[in-house]
Structure formats: structure tokens, C-alpha cells
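Here's a quick briefing to read with the model open beside you. Take it one topic at a time and find each spot as you go.

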Amino acid sequence: MKQIRIGVAAQESSPHPRSAAATVADVMRTPLTTVQRSDHAAAAAYLMKHAATTALMVVDAQTGRPAGIITEADVAHAIADGKDLNDVRVHAVMTTRPALTATTSIRDAAEIMTARHFRHLPVAGNVGLVGVADITDVCRALITTGKG
């Protein structure tokens, strides 16, 4: 299991976006912990518990780019299907998600999240994974600015 520390934890980030938030860059949070596709699902569940988060971004080991996300729901579905998390790799239970860019509008992010029932979306940049857009912060930005 490789734990990549990219920046500050979401809890340490400002919970309030800037008042004139218009893009994902204004509301994204830096992901604290990521996993790779080949990691064990049990290790991902352990990291979620100890990082006090409901989702981990899955990154490609070669490129550092977002490959998807593993959530508490993915873990719960695997267990309900009778899978042993010690034998299952992250890639078998993760969800592939579209990656946003920092310049994606708040409104576009909200539309993707609501249409596909996503609470988190990875944000990719030239160097790979640069952040996570959370539905709460996206909604807060829409309410605060009245536009996206």
C-alpha cells in the first residue's frame, strides 16, 4: 500500500469557498490519501477509517493521474457480494469517474455530480491528481454566488 501525501487534509482546508467561486479550482480540496489500482481493498478500507473519509482517489502508478475512486459504498457492496476484502484489489471494486480540471465551472461540476450521483470527483492537472471536488463545497459555492 502506497500512501501519497499531496497536501493538507480536507478537514484542514478552508470549508468555505471564496465568495466569487466560478471554477472547481475555487472549491477543490487537496486529497490527503490516495491508493493505487493494485492495492488491496482491505487496506483502502483501513485508510478510509483512519483518515476519517468516505472516499479515496485511485491514482495510476505510472502517471499519477486519477484512475477512479473507491468509496465506503464500494466496500460495502463488495462485502455484501461475499467478497473477502483481503483478496480483492481496488481496481475490482472502484468506480471509474470522469476527472474534472481546475477550470471546470462550478455549474458543470454540479451537473455531473447530480446526474451521476457522485459526491466526490477527482480534479486532474498537468502533473496528475491535484484535488478533489466535494458535492458540499460545490453546492455551497452555487448558493453563495447564485451562479456557477
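Predicted model: local features only at pLDDT ≥ 70, side-chain atom pairs only at ≥ 80, totals over all residues.

Residues are numbered from 1 along each chain as its sequence is written, and side-chain values use heavy atoms, with hydrogens and water left out.

- Side chains of opposite charge can pair when their charged atoms come close.
- How many salt bridges does a search of the whole structure find? It finds 2, counting a salt bridge as a side-chain nitrogen of Lys or Arg within 4 Å of a carboxyl oxygen of Asp or Glu.
- One of them joins Arg29 to Asp137, with the closest N and O atoms 2.4 Å apart. That pair ties together distant parts of the chain, since Arg29 sits in the segment before E1 and Asp137 in helix H5, 108 residues apart.
- Asp137 also meets Arg140 in a salt bridge, at 2.8 Å from N to O. These two are 3 residues apart in helix H5, so about one helical turn separates them.
- Put together, Arg29, Asp137 and Arg140 are linked in a network of salt bridges.
- Is each arginine buried or partly exposed? Arg29 has 18% relative accessibility, so it counts as buried, while Arg140 has 26%, so it counts as partly exposed.

**Helix H5**

- H5 covers residues 135-145. Helices (H or I, at least four residues) and strands (E, at least two) are DSSP runs, numbered from the N terminus.
- What covers the buried residues of H5? The cover includes helix H4 (106-116) and strand E6 (128-134).
- At the start of H5, a side-chain oxygen of Asp134 comes to within 2.8 Å of the backbone nitrogen of Thr136.

**The sheet with E4, E5 and E6**

- Strands of a sheet pair through backbone hydrogen bonds, either parallel or antiparallel.
- This open sheet has 3 strands in the order E4-E5-E6, with mixed pairing; two strands count as paired if DSSP finds at least two bridges between them. E4 and E6 are the edge strands, each pairing on one side only.
- Strand E5 (residues 120-125) and E6 run antiparallel, joined by 6 bridges. Asp134 turns up again here, as the bridge partner of His120.
- H4 lies across E4, E5 and E6, at about 135° to E5. Axes are lines fitted to C-alpha atoms, for helices over the stretch in contact, and angles run from 0 to 180 degrees between N-to-C directions.

**Strand E2 and its neighbours**

- Strand E2 (residues 55-59) has 5 of its 5 residues buried, so the rest of the structure largely encloses it. Ala55, Met57 and Val59 point one way, and Leu56 and Val58 the other.
- Which strand pairs with E2 in the parallel sense? Strand E1 (residues 34-36) does, over 3 bridges, and Val35 stands opposite Val58.
- E1, helix H1 (residues 41-51) and E2 make a right-handed β-α-β unit. Right-handed means that, with the strands pointing away from you, the path from the first strand over the helix to the second runs clockwise.
- E2 also pairs with strand E3 (residues 66-71), this time antiparallel, over 5 bridges. Val58 has Gly68 as its bridge partner in E3, and Ala55 stands opposite Thr71.
- E2 and E3 form a hairpin with 6 residues between them, and Gly64 in the turn has a positive phi of about 75°. E3 is mostly covered as well, with 5 of its 6 residues buried.

**Met94**

- Where is Met94? Look in the loop between helix H3 (90-93) and strand E4 (100-101).
- Met94 is buried, at 12% relative accessible area.
- Leaving aside neighbours within four places in sequence, Met94 is in contact (heavy atoms within 4.5 Å) with residues including Val58, Gly68 and Ile69.
- Met94 and Met57 are 37 residues apart in sequence and 9.4 Å apart in space, C-alpha to C-alpha.

Terms used. Buried < 20%, exposed > 50% of the residue type's maximum accessible area, 1.4 Å probe, protein only. Polar contact = N/O pair within 3.5 Å; in protein donor to acceptor, adjacent residues only side chain to side chain.
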